[in-house]
Amino acid sequence: MHEALSRLSMPSFLLVALACTLLSIAMLSDVATRTIPNPIPLGILGIGAIERIISQDVMAALLASAPVLVFGMLCWRRGWLGGGDVKLGTACAWLMSPTLVPLFVWWTAIAGGVLAGLYLLTGWFSRRTQRKPRIDHHPRSLIARIQHVELWRIRRGTPLPYGCAIATGSLLAMSSG
């Protein structure tokens, strides 16, 4: 990652830093509310478009991001992804060189599998213990509140915060290029 960052010009470095900030906000929002506000993918798309214009590969980026959008829309129609996830994934495909988009999809799938595995194990472990753990209904720390809410969501089978997997896949793909 350090080598990839050291090759960037100052404007590119600032754009990457801004994109990382927006990806972090997307992850936090997805965990907190299971939504990704529209300005976040729009901002990421804008940053990506600027980067693609600078690197003169706009048409290649369009061709590389189109399958991400189409596949995402198919998953949305089946109820497997939320609309914010589709928008975020498509926008993230513009953040990197078009040659890295397949790697982005790969890392996103791996991160999503790890996330799903953690949620399945947590749900299984919660059911396996047969007794409900004592839950403080007013946890004081932010981490404790997040754990409390996520355990409640897992028990009810609510959707995963897949925006976290998309952001992770994007960061891993960008750091390898």
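Reply: The account below takes the salt bridges in turn.

This is a predicted model, in which local features need pLDDT of at least 70 and side-chain atom pairs count only at pLDDT 80 or more, while totals for chains, interfaces and linings use all residues. Residues are numbered from 1 along each chain as its sequence is written, and side-chain values use heavy atoms, with hydrogens and water left out.

A salt bridge is a side-chain nitrogen of Lys or Arg within 4 Å of a carboxyl oxygen of Asp or Glu; by this rule there are three. Glu150 and Arg34 form one of them, at 2.8 Å from N to O. This pair links distant parts of the chain, 116 residues apart: Glu150 lies in helix α7 (residues 142–156), and Arg34 in the loop between α2 (10–33) and α3 (39–55). Helices here are DSSP runs of H or I with at least four residues, numbered from the N terminus. Glu150 is buried at 9% relative accessibility, and Arg34 is buried at 19%, where buried means under 20% relative accessible area, with a 1.4 Å probe and protein chains only.

Glu150 also meets Arg153 in a salt bridge, again with an N to O distance of 2.8 Å. Because Arg153 and Glu150 are three residues apart in helix α7, about one helical turn separates them. Arg153 is buried, with a relative accessible area of 11%. Through shared partners, salt bridges join Arg34, Glu150 and Arg153 into one network.

Asp57 and Arg52 form a further salt bridge, at 3.2 Å from N to O. Asp57 counts as buried at 16% relative accessibility, and Arg52 is buried at 5%.

Technical notes: Helix = DSSP H or I, 4+ residues; strand = E, 2+ residues; numbered from the N terminus. Buried < 20%, exposed > 50% of the residue type's maximum accessible area, 1.4 Å probe, protein only.
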